[in-house]
Amino acid sequence: MTLAQKIEEKIFKVLMIIATYFILVVLAIIIYSIFKKGIKSLSWEILTQIPKGGYYYGKGGGILNAILGSLCLAFGATLLAFLIGLPVALYINVFLIRWKKVAAFIRFLLDLIWGIPSIVYGAFGFTMMIYLGLQTSLLAGIITVTLFILPIMIRSMDEILRTVPYGLMEASYSLGSNKSETAFKIFTRQTISGIITAILLSFGRAIGDAASVLFTAGYTDHLPNSLLEPVATLPLSIFFQLSSPVPAVQDRAYASALVLTLIILIVSLFSRGLGKRYHKTKINF
Amino acid sequence: MTDNKKIQISDLNVFAGKFQILKNINIELPENKITVILGPSGCGKTTLLKCMNRLTDLYPELRVTGDIRISGNNILAAKEDIYKLRQHMGLLSQRPYPLPMTIYNNIAYGLKLRGVKKRREIHKLVVHYLQQANLWEEVKHRLREPASRLSIGQQQRLCLARGLAVNPGIILADEPTSALDPISSQYIEQKFLELKNEYTIVLVTHVLRQARRIADYVVFMYLGEVIEQGDVHEVFENPKMEKTKLYLGGTFN
């Protein structure tokens with residue numbers, strides 16, 4: 001290495017280190033502040049009760065309505081998006097293998113709609129509800145959030161499916177498998193840990209978004225009990241509590257944010273474990 | 001030669017865009033013999049092999065014209081049931097690609113495709129084909145482990161067992177020993193010599209000694225063209241074309 005190369009290496013190394021630790025520190029600060037403010041208001045009551053009258057002005061109760069509402073909505077939407085998204089991603093990678101331009105066009109479209117803000121999905125969902133004669137409800141929320149997370153679900157599964165090597169595809173076909181057998185038996189098995197990651201990403205997006213559910217799922221102080229009734233969600237619950245003039249209620253908002261963060265943490269740990277379990281059979285190249 | 005011709009290729013041309021990969025290939029490969037397709041890297045050997053079970057379908061940039069008759073049927077005709085057809089040909093690639101599942105299921109997968117349904121039957125055949133590929137002793141206690149844990153040499157033998165399990169009449173092998181250690185390579189060669197009584201084997205290689213060791217029939221290719229073909233003794237001991245002489249003499253490779 002010449003001296004110039006050594007200096008260049010040093011500079012880039014330092015830049016990379018700074019960037020990495022900067023982002024880690026920012027994340028740590030966010031999590032720390034949520035934790036610090038949230039932990040003192042986090043109580044058994046807040047986790048297990050619905051808001052009592054006057055909750056938003058400091059009276060008792062909890063956010064169980066929002067916790068259960070968010071879980072129903074996010075699980076429902078993630079499941080629906082997975083059932084639609086996996087076939088799309090497999091179709092692009094297995095069936096469109098000879099039509100690379102069509103595949104590229106579909107990918108481009110998906111990337112485009114990925115960038116649409118969630119409030120636009122909310123507005124679109126609202127229009128759709130009027131058209132279908134639906135009122136604000138869990139169902140309307142699930143449908144809207146499904147549309148909202150579909151691009152991320154499909155594209156992240158698509159990216160992982162693209163890593164399946166041609167040799168494995170050839171091996172599958174040369175045994176006489178047809179395209180759907182190759183797709184569902186070979187591609188999915190080879191990429192299962194990546195597919196789980198895609199599901200997790202989509203779930204995180206689904207449970208964390210407020211704007212898409214504002215008009216469509218609505219809000220209620222009751223527990224979710226029907227697909228056709230409105231449900232509360234954690235992001236909106238956080239918003240309403242933060243808007244309260246009472247400092248104690250604002251603290252509860254941080255407790256709710258902490259709950260939301262913990263849900264995502266638990267789901268990601270769980271799915272990582274699941275991914276690891278299935279990772280073994282993957283063929284490494 | 002009075003052998004039956006298992007694979008007859010006539011006027012085969014393959015284009016990738018404007019570039020012509022294979023030029024007017026006319027060859028006939030004998031049944032139940034080992035045919036070696038010999039030639040330097042980049043001469044189109046692998047493409048020729050992939051034409052035979054239409055894996056070329058997977059590459060949108062390739063355009064294939066001509067005739068490939070296997071037992072008389074033109075497999076390039078659009079109507080042919082390509083999935084059935086591929087079952088009659090086992091494939092061994094340069095490096096092994098086991099399926100992303102357990103050792104056991106790597107074999108059972110093909111059996112199920114072939115229509116074997118009874119569990120007991122499947123088990124019997126899995127054992128049989130693993131024995132055929134000389135892998136049984138090494139894996140009999142770990143059948144439920146992922147195939148990815150096997151060594152490369154074992155994986156290649158697993159791929160051979162998997163290929164045999166669909167009951168093919170033809171084995172296509174694309175430099176199957178190039179990634180293997182000498183012992184595994186020797187084993188694969190040995191196996192081919194045993195299998196040729198029941199199978200038509202087409203082997204692509206650029207290793208002259210390997211060709212001389214196991215070939216019955218040799219097709220020598222250079223830059224997308226077939227330069228010379230014939231019995232192994234004819235081609236190796238009495239090559240007619242200048243290019244063949246140079247290649248066999250080691251002038252280029």
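Q: Which domains does the domain assignment of chain A give?
A: The model is predicted, so to speak of local features a pLDDT of at least 70 is needed, side-chain atom pairs count only at pLDDT 80 or more, and totals for chains, interfaces and linings use all residues. Residues are numbered from 1 along each chain as its sequence is written, while chains are lettered from A and ligands numbered from 1 in the order in which they are written. With bounds that come from an automatic or database domain assignment, chain A has domain 1 (3-39) and domain 2 (47-279).

Q: How many residues does the contact take from domain 1 of chain A and from domain 2 of chain A?
A: The C-alpha centres of domain 1 and domain 2 of chain A lie 29 Å apart. Two residues are in contact if their C-beta atoms, placed from the backbone, lie within 7 Å, and the contact takes 5 residues from domain 1 of chain A and 6 residues from domain 2 of chain A.

Q: In what order do the 6 strands of the open sheet in chain B stand?
A: Strands (E, at least two residues) are DSSP runs, as are helices (H or I, at least four), both numbered from the N terminus, and two strands pair if DSSP finds at least two bridges between them. The pairing in this sheet of chain B is mixed, and the order is 6-7-8-3-9-10.
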